[in-house]
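Here is a guided walk through one protein model. Keep the sequence and the 3D view open side by side.

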Amino acid sequence: MRLPESLLALRNRVLSKPEFQRWASIFPLTRPRARRRARELFDIVAGFVYSQILQACVQVRLFEILAEGTQSVEALAPRLGLPPEGARRLLRAAASLELAEARGEDRYALGELGAAMVGNPGIAAMVEHHAMAYADLKDPVALLRGELPQRELQGYWAYVGTEAPAAAAEQAVSGYSELMAQSQRLIADDVLDAYSLKAHRCLLDVAGGDGTFLVTAAKRWPHLRVILFDLPAVAERAWARFQREGLADRATAVGGDVRRDPLPQGADVVSLVRVLHDHDDHDTPNFARAAYTALPEGGRLLVAEPMSGTPGAEPIGDAYFGFYLLAMGSGRPRTPAELTEMLRAVGFDRVRQIRTIRPMLTQLLLAQRL
């Protein structure tokens, strides 16, 4: 419930007083909430240190090593490439974050969050990639003011800030294509669990990277034909992937620039998976309009991406993606309502939100061309 302005001002005046903070920390009825809020604030202050601990764990392959079973610091240190005291400090830190678990005197096992890391290699890929984001966020005020002369993330994503993204060479797209493939595996099943393609004949995935999403869909529904559209160098990688996966007889990869080239025809459902939030407001309608033109009457459009204002995951949309996309130099997180308005503006009807099992990773909008 949103407080009236007068009560909001009163609340903030009271909470900002040191004497009230001390009283709330002592009084039995307010003490649990005060301590929880203090911990939450400290976690924000210390967040960079926590993320660097996670990065260290990924770099020394701690989770894969601990997945073999409980081990002593003495045994772990040489395998981690660390001196014993360095290994002990890292393991204690990891245990405090539930990435590892202490199992007696100087012995450690995999923690619950560490086990989740082992099962999702895409997270480790993102952790390693974040080194560029940390560099760009070193001076966040300069970033907000647009004063950074150079941004590492902007150079990494080859299609950002160029008038001819279709001219990007293979080496310019290989890094981010592999990163997207790793992280795409986290959400492909979530999207396809939320919306069945059983009744569809052909799926066109726009800006589909190396084809991870289409491979997942094609293997789930053997009758489904799939088409990928992306920059030429990316489409070449996708076609090689389709051949390796044994899908060459019902998969196609087409290269082009969605802002200049028409999309392939023949699909009755089009997907935009983590595409729109990468692009600025003047550019996102181009993707929706291209999908509308490519679809027949009654065709469907799937828009899947993390969205602003997701209940229970607000920091992921507005804090993480808000600043990551700013450093990247293109796009912003949008609410489902904003995306719905944009889709209707280009002609789509019956836009509705479909629940996914992990909305913090992706939400899903379904639109229809009537």
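A polar contact is a pair of N or O atoms within 3.5 Å; within protein, one atom must be able to donate a hydrogen and the other to accept it, and residues adjacent in sequence count only if both atoms are side-chain atoms. This is a predicted model, in which local features need pLDDT of at least 70, side-chain atom pairs count only at pLDDT 80 or more, and totals for chains, interfaces and linings use all residues. Residues are numbered from 1 along each chain as its sequence is written, and side-chain values use heavy atoms, with hydrogens and water left out.

Start at D190. Such a polar contact, of 2.9 Å, joins its side chain to that of R358. D190 sits in helix α12, residues 170-194. Helices here are DSSP runs of H or I with at least four residues, strands are runs of E with at least two, and both are numbered from the N terminus. Is D190 buried or exposed? D190 is buried, at a relative accessible area of 2%. Buried means under 20% relative accessible area, exposed means over 50%, and partly exposed lies in between (1.4 Å probe, protein chains only). Setting aside neighbours within four places in sequence, D190 is in contact with T356, I357, R358, L361 and T362. Contact means heavy atoms within 4.5 Å.

Next, the salt bridges. A salt bridge is a side-chain nitrogen of Lys or Arg within 4 Å of a carboxyl oxygen of Asp or Glu. That rule gives a count of 18. One of them pairs D210 with R241, the closest N and O atoms being 2.9 Å apart. D210 is in the loop between β4 (202-206) and α13 (212-220), while R241 is in helix α14 (residues 232-244). The two are 31 residues apart. D210 counts as buried at 10% relative accessibility. R241 is buried too, with a relative accessible area of 9%.

Another salt bridge joins the side chains of E245 and K219, at 2.5 Å from N to O. E245 lies in the loop between α14 and β6 (251-255) and K219 in helix α13, so this pair ties together parts 26 residues apart in sequence. E245 is partly exposed, with a relative accessible area of 27%. Which residues are linked in a network of salt bridges? They are D210, K219, R241 and E245.

Now move along the chain to D281. D281 forms a salt bridge with R334, with 2.8 Å between the closest N and O atoms. Again the pair links distant parts of the chain, 53 residues apart. D281 is in the loop between β7 (269-273) and α15 (284-294), and R334 is in the loop between α16 (314-328) and α17 (336-345). D281 counts as partly exposed at 44% relative accessibility. R334, at 3%, counts as buried.

Finish with a helix pair. Two packed helices are described by the angle between their axes and the distance between the axes. The axes of α2 (residues 18-26) and α3 (residues 31-45) come within 6 Å and cross at roughly 120°. That makes α2 oblique to α3. Axes are lines fitted to C-alpha atoms, for helices over the stretch in contact, and angles run from 0 to 180 degrees between N-to-C directions. Angles under 35 degrees count as roughly parallel, over 145 as roughly antiparallel, 65 to 115 as roughly perpendicular and the rest as oblique. A24, S25 and I26 of α2 make the contact with R31, A34 and R35 of α3.
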